[in-house]
Amino acid sequence: MHDERDGDETLAVLNARLAQACREDPKNRLPAYGGMRIYDDPLVGVAAAADPLYLKLKQTDVIGPQHMTPGEWLEGARSVVSYFLPFSQGIRAPNRRPGMVAAEWVAGRFEGEAFNNHLRDLLAEWIRELGGEAVVPCHTDRYRIVARRANWSERHTAFVAGLGTFGLSKSMITARGSAGRFGSVIATLELPATVRDYEGPYDRCPWLANGTCGACIDRCPSGAIKSGGKDAAACAHYLDHVVKPLYDSRYGCGKCQTGVPCEAGIPKRDMPVLHRDNG
């Protein structure tokens with residue numbers, strides 16, 4: 001078993017390798033856009049595998065009993081390494097424009113997720129090199145998504161790992177914003193858990209915390225985001241019937257993650273109300 005110092009040193013090694021991969025791996029580039037980088041350096045957090053919040057995720061009003069704890073994925077699990085990959089300025093900026101999702105965003109969504117899958121496997125490999133066992137839940141034959149709910153949620157484990165809280169759009173608001181993708185690996189290594197600087201699941205969203213902002217409501221082209229919440233079915237219908245036909249079955253939108261105060265950081269609590277409606 002690693003002592004606390006070993007855990008800190010091990011986490012520092014993993015952090016450095018993740019950042020290096022984002023900078024140097026050609027899979028994090030878009031050749032069709034001049035080799036544009038997809039993701040900036042990652043934001044990394046760690047959750048204790050035994051964190052009681054994982055049991056709360058099994059509640060029906062959160063995810064449901066199908067959601068598996070780290071220990072159910074990997075015997076002897078001690079830590080979960082969770083990371084956020086922020087989209088680069090080159091991916092985000094074109095998508096701030098009104099109208100249809102930018103081609104750069106769709107490319108970043110698909111090539112970027114291919115790189116994210118590669119990074120998950122690399123992280124698991126590094127953990128094994130450092131003396132632990134590792135599992136990537138979404139790369140196992142036990143991974144399931146039923147009625148849009150997975151038995152391992154990247155966003156919820158990011159919340160447990162101190163990376164961020166949910167917004168009105170259901171995106172996670174991290175210190176690097178909400179425009180990006182998440183990944184995680186469960187490990188038997190004892191790594192220092194990240195201290196959460198929030199308590200509730202919506203603490204960083206001004207609209208849900210104190211009724212200000214609301215910018216993502218007007219940014220949503222499908223009308224799925226309203227003052228009372230997000231209609232996931234309406235969002236999915238827009239992607240399936242409007243976006244996919246234009247992009248040869250590829251999809252993405254991200255309008256609620258770009259051109260908003262939480263695009264690349266945590267919005268201020270005292271910002272003005274940017275939307276008013278009766279929805």
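1. In this predicted model, Glu 129 is exposed, at a relative accessible area of 51%. Its side chain forms a salt bridge with that of Arg 17, with an N to O distance of 3.1 Å. Arg 17 belongs to helix α1 (residues 4–24) and Glu 129 to helix α5 (residues 103–129), so this pair ties together parts that lie 112 residues apart in sequence. Arg 17 is partly exposed, with a relative accessible area of 27%.

2. A salt bridge also joins the side chains of Arg 96 and Glu 263, at 2.8 Å from N to O. The pair links distant parts of the chain, 167 residues apart: Arg 96 sits in the loop between α4 (89–92) and α5, and Glu 263 in the segment after α9. Arg 96 is partly exposed, at 32% relative accessible area, whereas Glu 263 is buried, at 6%.

3. Glu 111 and Arg 250 meet through their side chains in a salt bridge of 2.7 Å, N to O. Here helix α5, which holds Glu 111, is linked to the segment after α9, which holds Arg 250; the two residues are 139 apart. Glu 111 is partly exposed, with 29% relative accessible area, and Arg 250 also counts as partly exposed, at 29%.

4. The count of salt bridges comes to 14. Glu 113, Arg 120, Glu 154 and Arg 181 are linked in a network of such bridges.

5. Leu 246 is part of helix α9 (residues 232–246). Leu 246 counts as exposed because its relative accessibility is 55%, and exposed means over 50%.

Definitions and conventions:
Residues numbered from 1 in each chain as written. Predicted model: local features only at pLDDT ≥ 70, side-chain atom pairs only at ≥ 80, totals over all residues. Heavy atoms only, no water. Helix = DSSP H or I, 4+ residues; strand = E, 2+ residues; numbered from the N terminus. Buried < 20%, exposed > 50% of the residue type's maximum accessible area, 1.4 Å probe, protein only. Salt bridge = Lys/Arg side-chain N within 4 Å of Asp/Glu carboxyl O.
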